[in-house]
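User: I'd like to learn how to read a fold from its coordinates. Could you take me through this one, feature by feature?

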Amino acid sequence: MTTRQTGFTLVEIAIVLIIVGLLMGGVMKGQELIDNAKVKNLVADFRNVPIYLYTYQDKFKALPGDDAGVDAHLGAKLCPSGCRATSADAVPGNGIIEGNWNSAAKGDESFRFWQHVRLAGLAAGPSDVNDADYLPHNAVGGQLGVTAGNYSPIGTLRGAYVLCSRGIAGKFAKQIDIALDDGNTATGSIQAMANAAASAPAGIPAAGSDGIDNDLPYTVCMAF
């Protein structure tokens with residue numbers, strides 16, 4: 001008596017492979033859509049934050065964070081304990097947003113920037129400096145911050161103000177630069193540096209887009 005072995009036919013195997021291919025294609029397409037959405041949100045930060053600054057300046061004739069008359073401008077009701085920057089390095093009203101872009105010091109002007117633009121109704125987010133969610137974050141969870149050009153963490157980046165966004169994958173950094181600048185992450189008004197928690201000068205920018213690793217995180221900064 002013989003035992004007959006059974007298995008998949010070529011047609012059945014072909015059907016399975018087609019289904020697997022369709023599933024993989026769907027997953028890849030879904031990831032592409034997610035990535036595109038993240039890039040759009042990251043780009044929006046670089047476009048919107050300068051608008052916050054210039055709109056506040058136009059309205060109050062002062063810079064957010066550096067505003068010496070912020071308590072009067074926003075009112076005692078919004079600033080019951082005072083909204084003015086008070087750190088030793090802060091000189092409110094001198095036209096410079098002092099403090100590192102990712103400062104967590106409540107008295108720094110770069111830290112108070114977010115309180116001022118939020119209380120002025122220009123940006124969303126908590127205005128209470130003690131709120132755990134006070135410091136803003138980008139679409140990938142990295143910190144976002146603004147400072148004066150002379151506090152720029154990238155030595156070759158020049159501008160009156162600098163906006164930095166941390167934790168951005170190399171592939172996203174390239175797309176941001178292509179969308180907003182010259183497509184080279186080592187030149188122009190947008191540059192990238194190795195990801196760093198500290199905002200003190202963290203070395204030179206990456207050596208152009210070809211030197212960026214798609215999967216490593218970077219801090220992307222824009223001068224404006």
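Predicted model: local features only at pLDDT ≥ 70, side-chain atom pairs only at ≥ 80, totals over all residues.

User: What is the phi of Lys61, and is Lys61 buried or exposed?

Analyst: Most residues other than glycine have a negative phi. Lys61 isn't a glycine, yet its phi is positive, about 55°. Lys61 counts as exposed because its relative accessibility is 66%; the classes are buried under 20% relative accessible area, exposed over 50%, and partly exposed in between, with a 1.4 Å probe and protein chains only.

User: Now the sheet. What is the order of its strands?

Analyst: The sheet is open, with four strands in the order β1-β2-β4-β3 and antiparallel pairing. Two strands pair if DSSP finds at least two bridges between them. β1 (144-148) and β3 (190-194) stand at the edges with a single partner strand each, so one side of each has no neighbour in the sheet. The twist averages 25° from one strand to the next; axes here are lines fitted to C-alpha atoms, for helices over the stretch in contact, and angles run from 0 to 180 degrees between N-to-C directions.

User: How many bridges join β2 to β4, and which helix packs on the sheet?

Analyst: Six bridges join β2 (residues 161-169) to β4 (residues 217-223), and the two run antiparallel. Helix α4 (residues 170-180) packs on the sheet and touches β2, β3 and β4, with its direction at about 140° to that of β2. Contact means heavy atoms within 4.5 Å. As for burial, seven of the nine residues of β2 are buried.

User: How should I read a nonpolar core?

Analyst: In soluble globular proteins, nonpolar side chains tend to be buried together. A nonpolar core is a set of buried Ala, Val, Leu, Ile, Met, Phe, Trp, Tyr and Cys residues joined through side-chain atoms within 4.5 Å. The largest one here has 32 residues, and Val49, Phe113, Trp114 and Leu163 touch the most other members. The elements giving two or more residues to this core are α1 (10-60), α3 (109-119), β1, β2, α4, β3 and β4. α1 supplies the largest share, seven residues. Not counting residues up to four places away in sequence, Phe113 touches Val49, Leu53, Pro64, Gly65, Ile97 and Val146.

User: How many residues of α3 are buried?

Analyst: Eleven of its eleven residues are buried, so you can read α3 as mostly covered. Val117, which has its place in α3, is buried with a relative accessible area of 0%. Leaving aside its neighbours within four places in sequence, Val117 is in contact with Tyr52, Tyr56, Pro64, Leu122 and Ala123. Just after α3, Gly121 takes a positive phi of about 80°.

User: Last one: what volume does the largest pocket have, and which residues lie nearest its centre?

Analyst: Rolling a probe the size of a water molecule over the atoms shows where empty space is left. On a 1 Å grid over the protein atoms alone, with a 1.4 Å probe, a pocket is an open set of points with protein on both sides within 12 Å along at least five of seven lines, and lining residues have an atom within 4 Å of a point. Grid points are joined across faces, edges and corners, and a volume is the space filled by probe spheres set on the points. The largest pocket comes out at about 180 Å³. It is lined by 14 residues, with Asp45, Tyr52, Trp114, Pro136 and Leu144 nearest its centre. α1 and α3 are the elements that give two or more residues to this lining, and α1 gives the most, with five.

Conventions. Residues numbered from 1 in each chain as written. Heavy atoms only, no water.
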